[in-house]
Amino acid sequence: MLDMFTIGELTKLFNALPGAVAQGLIWGVMAIGVYITYRVLDVADLTVDGSLGTGGAVCIMMLLSGHNVWVSMLAAMLAGMLAGMVTGILHTFMGIPAILAGILTQLSLYSVNLKILGKANQVINVDRYDLLVSLRFIGGAGESFNNNILNFLYKNTILIVAVIVVIVILILYWFFGTELGCSMRATGCNDRMARAQGINTNFNRVLGLMISNGLVAFSGALLSQYQGFADVNMGRGAIVIGLAAVIIGEAIFGRIFHNFALRLLSVALGGVVYYLVLQVVIWRGIDTDLLKLLSAAVVAVFLAIPYWKSKYFTKPVKKGENG
Amino acid sequence: MLEIKEISKTFNIGTVNEKRALNQLSLTLNDGDFVTVIGGNGAGKSTMLNAIAGVWPVDEGKIIIDGRDVTMLSEYKRAKFLGRVFQDPMTGTAATMGIEENLALALRRGGRRTLKRGIKNEERKLYRELLAKLGLGLETRLTSKVGLLSGGQRQALTLLMATLERPKLLLLDEHTAALDPKTARKVLELTQEFVNEQKLTAMMVTHNMKDAIAMGNRLIMMHEGRIIYDVAGEEKKNLTVDDLLRKFGEVSGEEFANDRMMLAN
């Protein structure tokens, strides 16, 4: 038997879920960016912790100075691509290992983001600026369907982000089917083979890092609008959330989704699952200070599983079985 | 077709592992030459092929392919002139991509990679025909991931990829060494077919002296980063394994005591 207290608590959880879905989808865009480097290019790129904040910072400052929301988001994406290019050049032209190259860019982006924002934190008022997404446009807070259909569609963050996710997936699906996209996949899969087939692997690495960080910054632009502010620390630990989404998506949908577009979709859905689980964990009353520790622990365990599988669970070849 | 002028390469300069892998090596290949390359371990056979392919820059000397000085050209740019098959069957193909995707990458070797479709429909017909000629049943598995194929199948596919866009020079780096004898035989037969059909200029490194004598029109023996014996035409045809062993002893002043080579006979 449920008493009034638990029902009230459950209602609290359900009210929080739409927000979790919206945030999860926004992080899903970011996770798709991580997927491109981590899975397609086979590079662990830590630039994203910086470029997410860069995207948010550029978007908010552009909006505050009166630019259109789409122009602002485009600028944010270009800034992210620039960040990816820096990492790519550090990695290819200067021969710095990818992880270190990403860390260097990430660190320098902290200063860059601070300079863009002018201070550690910039707030934007959803009532005074025409934002594409906001936590205010979630659930009952937006227009209701009956009043005005256009407004309902436009002021519906979950719907808008979902459409953006689908568009991003379709564009990437097209791109990775082109000659250039195929050569990029070959670069990540086997770079010796790629070079033997006349593929400029260095160029492809830089381009892949640019596309990835462009998406991450775009996600940062959405996130800063959604939460109503850009913060110099907003990207801290982003790579872990991105990896978590990639891993969760693959774990849940990996066996049924084989097509590249569906794989990208599973990564985006991985972001949603991550935020839903997070919401439940918060609802259960966990100390929120521990969330990052928990996220890191979960990702660490999931990253270890393939290794453990190969090391401890492969069947040893039995000697003398065939005489 | 290929002109190598006094190239040298030393690895790990200034360390205890310093190794002069190529020592003022010169070699000229004529159009249509099919050269087999033999020599002991560390003689510089693979190093010579890698130098031609531009895996790293040489310390000195010149490499000219089809009249063009490629010494300073990066590996991916030289790929335009070269077809390559490696010792490890995993090296020549992209495992997570389909058979047709691998072939499509090879068809575009030397061209610009644009935003056009990665595989055109009309290409598939060509791929199916060429795969059928391999006789390995791959023509019905165009979309299968290459990682699912056996070593021999992958090597045959790599060979097809290397010659899909006719190379000025085909570089075969012990491409049958990792295969079982029967599969190795099959891949060698295919190699011979491809070379004959397209009248390719080719270099084949091998540890098997019988193959080295039986195949191609010219044979070179390497030792300590140099060519110590170069024989062609009738003289080559009449060679025996014993001749080669004696020759090696004569020129290098050492026994040709390489287990792999002895076993390979």
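Let's start at A:M61, a residue in helix α2 of chain A; helices here are DSSP runs of H or I with at least four residues, strands are runs of E with at least two, and both are numbered from the N terminus. This is a predicted model, in which local features need pLDDT of at least 70, side-chain atom pairs count only at pLDDT 80 or more, and totals for chains, interfaces and linings use all residues. Residues are numbered from 1 along each chain as its sequence is written, while chains are lettered from A and ligands numbered from 1 in the order in which they are written.

Is A:M61 buried or exposed? A:M61 counts as buried because it has 20 C-beta neighbours inside 10 Å. The cut-offs are 20 or more other C-beta atoms within 10 Å for buried, 12 or fewer for exposed, and partly exposed in between, with C-beta atoms placed from the backbone. Setting aside residues up to four places away in sequence, A:M61 touches A:I116, A:L117 and A:Q122; contact means that the C-beta atoms, placed from the backbone, lie within 7 Å. From A:M61 to A:Q122 is 61 residues in sequence, yet their C-alpha atoms are 8.0 Å apart.

Now for the nonpolar cores, which are sets of buried Ala, Val, Leu, Ile, Met, Phe, Trp, Tyr and Cys residues joined through C-beta atoms within 7 Å. The largest has 89 residues, and A:A31 and A:Y35 have the most contacts inside it. Elements of chain A giving two or more residues to this core include α1 (4–40), α2 (48–64) and α11 (260–283). The most comes from α1(A), with 15 residues. Beyond its neighbours within four places in sequence, A:Y35 is in contact with A:V40, A:V246, A:L264 and A:V267. Another core lies apart from this one, with 79 residues, among them B:F34, B:L164, B:L188 and B:M209.

Over in chain B, look at strand β6 (residues 82–85): B:L82 and B:R84 point one way, B:G83 and B:V85 point the other, and all are buried. This strand runs parallel to β7 (residues 169–173) of chain B, joined to it by 4 bridges; strands pair if DSSP finds at least two bridges between them. Opposite B:G83 stands B:L170 in β7(B).

Finally, where the chains meet, chain A contributes 20 residues and chain B 25. On the chain B side, α2 (75–78) and α3 (99–107) each supply at least two residues, and α3(B) has the largest share, 4 residues.

Notes. Two residues are in contact if their C-beta atoms, placed from the backbone, lie within 7 Å.
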